[in-house]
Structure formats: structure tokens, C-alpha cells
Amino acid sequence: YLHEGVDPIAIARATLQNLMAGDIVAGGSTIPQQLARILLMDEAERYQQSFFRKVREASLAFQLSQRYSKDQILEMYLNSVYYGNQAYGAAAAAQTYFNKDVSELTLAECAFLAGLPQAPNYLDPFTNFERAKQRQRVVLELMRRQGYITEQQKALALAAPINLVRLAPIGMRETPHFVDYVRDLLQERYGTEGIRQGLEVHTSIDLRYQKLATEIARAHVAAVGPGNNISNAAVVIIQPQTGEVLAMVGSVDYYNVAISGQVNMAVRPRQPGSAIKPVLYATAFDHGYSPATVTWDAPVSYPLGNGRLYTPRNFTGQFYGGLRLRAALANSLNVPTIKLLHALGIETMLEGARRLGITAWRAPASEYGLSLAVGGYEVLLIELTHAYAILANQGKYVFLVLVTLVRDSVGCVLF
């Protein structure tokens with residue numbers, strides 16, 4: 001309330017602190033500056049640590065202060081600032097952490113929430129409650145110094161219990177990773193400002209499949225995990241004829257920090273193992289081979305350079321002589337598969353994979369070896385599932401579909 005969008009004293013103080021520390025340890029941004037950064041800068045510019053960004057931020061903050069009253073700016077800020085756990089704005093934060101309307105919050109709860117925007121991840125009360133509680137003490141002390149509350153009110157607020165309610169936002173409860181992934185797609189297309197203005201989004205998700213996939217993943221990890229050092233799993237289900245993603249399980253527990261549960265393993269690169277073999281065989285069938293083509297499962301070695309050799313083995317440790325490609329694939333034999341890649345060429349397999357929707361292999365063919373045939377190079381689960389869906393669709397390519405309809409806040413169809 002005491003400046004025109006920029007606080008020169010705060011900037012000078014932050015500059016001095018940064019010079020003394022030899023790093024950026026303080027910012028000195030006012031609320032209009034933070035609002036300008038949130039609403040008027042794109043993602044790339046917002047996080048730049050540059051002099052020019054700070055100048056532009058200050059200019060925008062000054063313009064906001066000329067156009068809007070202090071109360072209007074504060075209202076916009078409180079409706080936009082991030083409180084952690086996908087809660088944007090004070091109303092969303094009240095729901096996310098306390099399952100209350102803002103008007104129902106106590107002084108203790110208000111002060112608790114007021115501290116979170118400073119560092120939402122560091123102060124996440126679900127994982128760092130004591131840090132968030134310490135920040136609440138700072139907020140209450142500042143309120144006391146400014147005369148907004150008495151010492152007695154401060155003491156009562158500090159003594160009041162903070163009863164957090166882990167209530168996921170609507171849509172996050174059953175499909176948290178899918179919601180995160182779709183939000184990223186929408187932000188890429190419409191920008192942060194477009195999303196904040198309100199979108200009505202229809203998706204391809206089918207909660208029956210989602211529930212089933214989650215249950216199966218958890219049951220499988222519980223059954224085989226303890227003896228095999230397995231703690232997590234991911235699932236993607238795609239409708240082959242339409243490309244619609246019906247289920248996406250990124251981890252068995254979104255809120256389990258021990259397994260990095262919020263990381264969506266459905267869209268993280270992982271070695272596919274023998275699951276990649278059908279991609280190679282499908283490519284071979286497009287280049288003159290057939291399921292009846294005869295191959296030889298016999299010992300073979302390939303030079304790797306520096307006098308080293310690559311000598312593939314089957315999982316069984318045996319060789320099976322002459323057999324048809326259909327038998328080699330059906331039995332997931334490594335040696336005939338690697339021989340097939342050697343004959344076909346790595347570039348040909350990479351092209352075949354791209355035609356089946358796999359984009360993770362972007363490096364030149366020279367960067368890949370024959371272990372490509374047996375899953376030695378990472379792919380995304382969603383892309384591998386997409387490839388299988390295309391095979392199940394008789395080889396007819398369909399695009400992945402996650403979003404089926406988008407309307408803006410007044411009902412106009414955007415997509």
C-alpha cells in the first residue's frame with residue numbers, strides 16, 4: 001500500500017544481500033511485481049534470472065498500479081498465487097488443505113496459508129509440516145507488529161491445532177497423473193493466462209478402466225514387489241480404433257513420497273525389454289519379410305570395437321536352430337531378433353518405430369546398437385502402448401487422444 005508497484009528500498013536491500021552472498025538469495029519483489037510475473041509473462045520468461053526480466057517486471061507492475069487500486073491488485077494476487085498441491089488462489093488453498101470456504105477459516109488457518117506462497121514446495125505442509133508451522137509463526141508475529149492482532153490473539157492462534165485434510169482437487173482423486181498431464185498440454189496450447197481465465201475440458205478418460213488399472217497395478221506390486229525390489233508400477237490403456245487414452249496410472253500412490261509418487265512414470269523413459277520386439281517384427285514385415293520367413297537361432301557375435309564382441313544369448317541359454325519368424329517372436333528369442341535387426345538395419349527400425357508413434361529415439365542411427373532389438377534403449381510407456389494399439393488396429397495409424405472438447409469460460413468451443 002506504500003509504493004507505486006516497485007519498492008526501491010526493498011530492491012536495494014535485495015541487491016546488497018545478493019552481492020554479499022555471491023548468489024541470488026533475495027528478490028525484493030512487490031505484490032504487483034509478483035502479479036505481473038504470474039499473469040503477464042510466459043513460462044520461459046517468468047523464471048529467467050536476468051536484469052532485463054526484472055526491468056520488464058517492474059514496468060508491468062508500475063502499469064498495474066496505475067490502472068488498478070491496491071485492493072483490486074491484492075484480490076487478483078490472492079486469486080492467482082500458487083499455494084502448492086495444485087491449489088491456485090486462496091479459495092482453492094482453503095479447500096485443498098482444510099476443506100473449508102475461505103470465510104470459515106480461523107486466524108490460525110489464515111496465517112498458516114498466508115505463509116505458503118513464499119516457497120510452496122519447500123513449505124508443503126503435507127511433507128514439511130514443521131517448516132509450514134514455523135512460517136505461520138513468522139506471519140503471526142508480523143501481524144502483531146503491524147497492529148492487526150494482539151499478543152494474546154497471536155498466542156491463541158499459535159496454540160490452535162492445524163487439522164489438515166488431504167482433499168485432492170476435483171478430478172485429481174481418481175486420475176491425478178492424467179489431470180497433471182492434460183493440464184500441461186492445455187498450458188502448452190493456451191498458456192497460463194488462458195487456463196486461469198477458465199476452461200471447460202472434456203477428456204477421453206474412462207473411470208471404470210482407471211479404477212481397474214489402479215487396483216491391478218497395486219495388487220501386482222504387493223504380490224511381486226517385496227521379493228524383487230519393486231515398489232511402483234505404471235499403466236496406460238488405449239482404445240485401438242480411436243486412440244483415446246482410457247486410463248493412465250503414473251504410480252501406485254500419487255501421494256507416496258518414498259516412491260516419488262507424483263512422478264508420472266507413464267511418460268518417463270524406461271527400457272522396454274522384450275516388449276519392443278513386435279515393433280521390429282512389424283517393421284520387418286513391411287520390408288519383404290513374412291511370419292513364415294525362416295531364420296537361424298545359432299551362436300553369433302558382432303564386433304563392438306576395441307577388440308570387444310557382442311554375443312547375444314536367449315533367456316533360456318539354449319539355441320533352437322532353424323525356425324520361422326513367427327516362432328522366434330512368439331517365444332521371445334533374443335538371438336534371431338538381433339540377427340533380424342542386423343539384416344534390416346537400425347535406421348529402418350527407427351523409421352518403423354516412428355511410424356508406430358514412438359518419438360523417444362531422436363538421436364542419429366549411429367548412436368544406437370543392436371541391443372535396440374531387445375529393449376536396450378528407453379521409450380515412454382504411453383508411446384509403446386500407442387504402438388501396440390496401432391498393431392491392434394490392423395496397422396492403421398490413429399493419433400493419441402486425451403482431450404475431446406475444450407470450451408472457454410463463456411462456452412465458445414476452442415477445440
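Predicted model: local features only at pLDDT ≥ 70, side-chain atom pairs only at ≥ 80, totals over all residues.
Residues are numbered from 1 along each chain as its sequence is written, and side-chain values use heavy atoms, with hydrogens and water left out.

Helix 10 covers residues 176-196; helices (H or I, at least four residues) and strands (E, at least two) are DSSP runs, numbered from the N terminus. A straight helix of 21 residues would span 30 Å at 1.5 Å a residue, but helix 10 spans only 19 Å between its end C-alpha atoms. The expected span is 1.5 Å times one less than the number of residues. A bend of about 105° is found in helix 10 at Tyr 190, the bend being the angle between axes fitted to the seven residues ending there and the seven starting there. Among the buried residues of helix 10 are Phe 178, Val 182, Leu 186 and Thr 192; buried means under 20% relative accessible area, exposed over 50%, and partly exposed in between (1.4 Å probe, protein chains only). Gly 198, which follows helix 10, has a positive phi near 105°.

The structure holds 8 aromatic pairs. Rings of Phe, Tyr and Trp (its six-membered ring) pair if their centres lie within 6.5 Å; planes under 30 degrees apart count as stacked, over 60 as edge-to-face and the rest as tilted. The ring centres of Tyr 82 and Tyr 88 are 4.7 Å apart and the planes stand at 35°, so this pair is tilted. Tyr 82 is partly exposed at 23% relative accessibility, and Tyr 88 is partly exposed at 37%. Phe 98, Phe 112 and Phe 129 are linked by ring pairs into a cluster.

In helix 2 (residues 31-40) lies Ala 36, which is buried with a relative accessible area of 0%. Its C-alpha atom is separated by 21 Å from that of Ala 93, 57 residues apart along the chain.

Most residues other than glycine have a negative phi. Asn 229, however, has a positive phi of about 55°; this residue is found in the loop between helix 11 (207-228) and strand 2 (235-238) and is exposed at 76% relative accessibility. Gln 394 likewise has a positive phi, near 60°. The loop between helix 16 (381-392) and strand 10 (403-408) holds Gln 394, which is exposed with a relative accessible area of 76%.
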